[in-house]
Amino acid sequence: MSTTFDEPRAADPIAQAPVLAPGHSPGTVTEAIAGLVTRKVAKTPKWWLLGFAVSFGLLNVLLFAVTKLFMTGIGVWGNNIPVGWAWDITSFVWWIGIGHAGTLISAILLLLRQSWRNSINRFAEAMTIFAVSCAGMYPILHLGRPWLPYWLLPIPGTLMAWPNFRSPLIWDVFAVSTYATISLVFWYVGMIPDLATLRDHSTSRVARLIYGSAALGWRGSARHWANYEAAALLLAGLSTPLVLSVHSIVSFDFSIGIVPGWHTTVFPPYFVAGAVFAGFAMVLTLVLPLRPLFGLKDFITDRHLQNMAKVMLTTGLIVAYGYGIEAFAAWYSGNPYEWYMMKNRVTGPYALQYGLLLLCNIVVPQLLWIKKVRSNVWALWTIAMVINLGMWLERFVIIVVSLSRDFVPSNWAMFHATRYDVMTFAGTIGLFLTLTFLFVRFLPTLNMYEMRSLTPEAASTPHEE
Amino acid sequence: MEKKSEPRLHGVMAEFRSPQELVAAIRKSREAGYIRMDAYTPYPVEAVTDALDLHHTKLPLLTLAGAVFGAVAVFGLAYWCSAINYPLNIGGRPLNSWPAFIPATFEGAVFHGGLAAGIGMLLLNGLPRPHHPVFNVKRFVEHASKDGYFLVLESGEAGFDAAAARTFLSALGPIEVNEVENE
């Protein structure tokens with residue numbers, strides 16, 4: 001190689017597109033990120049108050065819809081035989097999928113030592129927890145007798161019966177509750193050093209007390225860091241198979257059943273890819289507006305947006321392959337019910353939804369091949385929104401369209417959503433956004449200690465064996 | 001002052017400008033014969049971990065124990081419920097249908113392994129511990145979780161002399177040297 005070592009090569013992608021804008025030191029990174037949280041109440045930005053008010057309003061829509069549901073019963077939704085699962089389970093799968101990008105960013109990219117993830121992982125993990133909170137609500141609302149969810153757990157009692165460990169619905173209970181718990185542990189453990197920074201950075205006594213209690217007395221000792229880094233790696237190592245297992249198990253809810261359109265072996269990988277696809281779309285949906293509003297362009301750089309767009313493009317192609325295999329398997333199986341299911345999707349009463357799903361998830365994301373599109377924040381945000389919609393439609397098509405026409409034509413019926421279906425879904429978006437707004441105001445949105453380790457001061461530390 | 005008598009002193013703390021200086025100071029302290037010491041950095045610095053030889057943690061073992069416990073417990077539960085306590089004969093299918101128990105078993109392993117990793121990290125670090133002598137130093141509170149690199153030579157080893165430690169650390173070119181009091 002003729003390159004000299006004195007000057008960086010012009011084509012060095014890191015030099016061209018840094019993950020942290022030049023000129024930062026551990027001190028400036030801390031001031032910039034902790035300052036967002038510790039500023040005075042009176043200095044809360046107007047957009048935050050407005051956004052929080054709107055989200056909180058939507059959250060109250062959820063309260064209303066759920067109250068109505070509990071008082072009247074499942075009949076307020078459009079669910080009925082044969083379409084017993086509709087918007088509720090569609091939204092459940094959608095929210096769980098969105099959560100998966102958070103785990104992917106924090107766990108898998110940590111194991112792969114992708115340091116560009118350092119500025120977005122905290123936010124993505126928070127998104128995971130909020131999305132799982134929204135998701136976890138649906139199966140319980142959907143029970144019909146929402147005061148009996150503990151029947152799903154192996155609790156000894158006067159019932160004298162146990163849950164059926166051979167049922168994918170019970171696997172789901174184990175998977176989702178484990179996922180919620182471990183995501184919370186991962187998020188909290190990741191935040192402890194930053195909570196200590198907030199404790200030391202806050203001026204108000206109350207804030208010091210709250211952040212100080214949450215930081216558990218963290219003092220950044222080398223002994224602490226050694227155990228801490230081991231814990232981060234172990235949790236990442238556990239979360240990686242966990243995230244794959246959770247969406248595989250969610251897909252078992254369908255593929256273990258015999259309904260045409262559900263009973264297919266391609267579901268686990270195709271659901272996992274779809275989850276990452278939708279999750280990255282949601283990260284972009286939230287990060288793109290937050291970046292200018294919070295002045296985070298030094299930390300969430302164009303390189304991050306490029307990388308996220310590329311992950312979306314890749315997983316989108318896997319999803320497209322899944323659609324292809326689904327159609328091919330239906331034809332190749334020689335099973336008339338399977339083949340009818342496919343023809344029904346394309347030409348039946350729900351053809352519009354299927355067409356839109358192909359447009360949103362396959363056609364539009366191809367624009368991401370173009371670098372100009374990937375670097376344009378407006379284009380990127382629009383595509384992310386289109387994918388959010390497309391992935392919701394995908395679950396709707398799989399669940400509702402398959403159920404509406406199974407084996408016997410006398411059993412067929414259309415599904416019509418009611419206003420309570422819409423209100424419940426809009427309400428969970430309200431819950432998600434409310435939690436997100438609270439998070440960006442009161443907790444460190446970016447991982448400060450990992451950002452410090454990206455500064456030139458830290459990067460030049462010698463390694464010794 | 002009476003406060004500076006040895007049992008009342010946690011150690012002597014020096015603050016350095018960069019991780020490189022901190023690592024050099026740790027090595028020199030080791031060469032000078034100091035054994036009990038701890039370093040404080042605002043982010044994990046691998047060279048500091050190396051210099052203090054802290055790579056041996058029990059955490060992986062603890063996590064493995066948690067995961068094995070979780071797997072055994074959940075599989076045992078599924079087996080006991082389905083094959084012993086409430087056996088249901090469905091078309092003569094085996095009661096111990098172990099492949100169907102695997103998803104819940106796996107989740108049980110991850111659940112308990114993850115909790116062992118998270119809680120184990122805190123316990124091994126002696127946390128939660130709301131107060132610690134190092135917080136008595138003003139510059140530590142201001143900079144340790146932001147941009148300061150600190151080394152504490154701890155009292156409690158045979159022949160520890162605070163005055164000598166202070167002189168030794170001052171010679172390493174720190175920003176500031178402080179005595180860390182226990183009270």
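Predicted model: local features only at pLDDT ≥ 70, side-chain atom pairs only at ≥ 80, totals over all residues.

Biologist: Let's start with Ser202(A). Why is Ser202(A) called buried?

Modeller: The word buried applies under 20% relative accessible area. Ser202(A) has 3% relative accessibility, so Ser202(A) counts as buried. Its place is in the loop between α6 (168–201) and α7 (205–215) of chain A.

Biologist: What makes the pair of Leu198(A) and Ser202(A) a polar contact?

Modeller: A polar atom of the Ser202(A) side chain lies 2.6 Å from the backbone oxygen of Leu198(A).

Biologist: Now Ile258(A), please. Is Ile258(A) buried or exposed, and how do you know?

Modeller: Exposed means over 50% relative accessible area. Ile258(A) has 60%, and therefore Ile258(A) is exposed. This residue sits in the loop between α8 (222–255) and α9 (267–294) of chain A.

Biologist: What does Ile258(A) touch beyond four places in sequence?

Modeller: Ile258(A) touches His263(A) and Phe407(A). As for Asp406(A), it is 148 residues from Ile258(A) in sequence, while the C-alpha atoms of the two are 9.6 Å apart in space.

Biologist: On to chain B. How do you know how its radius of gyration stands against that of a compact globule?

Modeller: We set one number against the other. For 183 residues, a compact globule would have a radius of gyration near 16 Å, whereas chain B has 25 Å. The C-alpha trace of chain B spans about 85 × 35 × 30 Å along its principal axes.

Biologist: What makes up the secondary structure of chain B?

Modeller: Chain B has six helices and four strands, and along the sequence they follow the pattern β-α-β-α-α-α-α-β-α-β.

Biologist: What share of chain B counts as buried?

Modeller: With the cut-off of under 20% relative accessible area, 49% of the 183 residues of chain B count as buried. Its accessible surface comes to about 8800 Å², with 61% belonging to carbon and sulfur atoms.

Notes: Residues numbered from 1 in each chain as written. Chains lettered and ligands numbered in written order. Heavy atoms only, no water. Helix = DSSP H or I, 4+ residues; strand = E, 2+ residues; numbered from the N terminus. Rg over C-alpha atoms; globule rule 2.2 N^0.38 Å. Buried < 20%, exposed > 50% of the residue type's maximum accessible area, 1.4 Å probe, protein only. Areas by Shrake-Rupley, 256 points an atom, 1.4 Å probe, with all protein chains shown as cover. Polar contact = N/O pair within 3.5 Å; in protein donor to acceptor, adjacent residues only side chain to side chain. Contact = heavy atoms within 4.5 Å.
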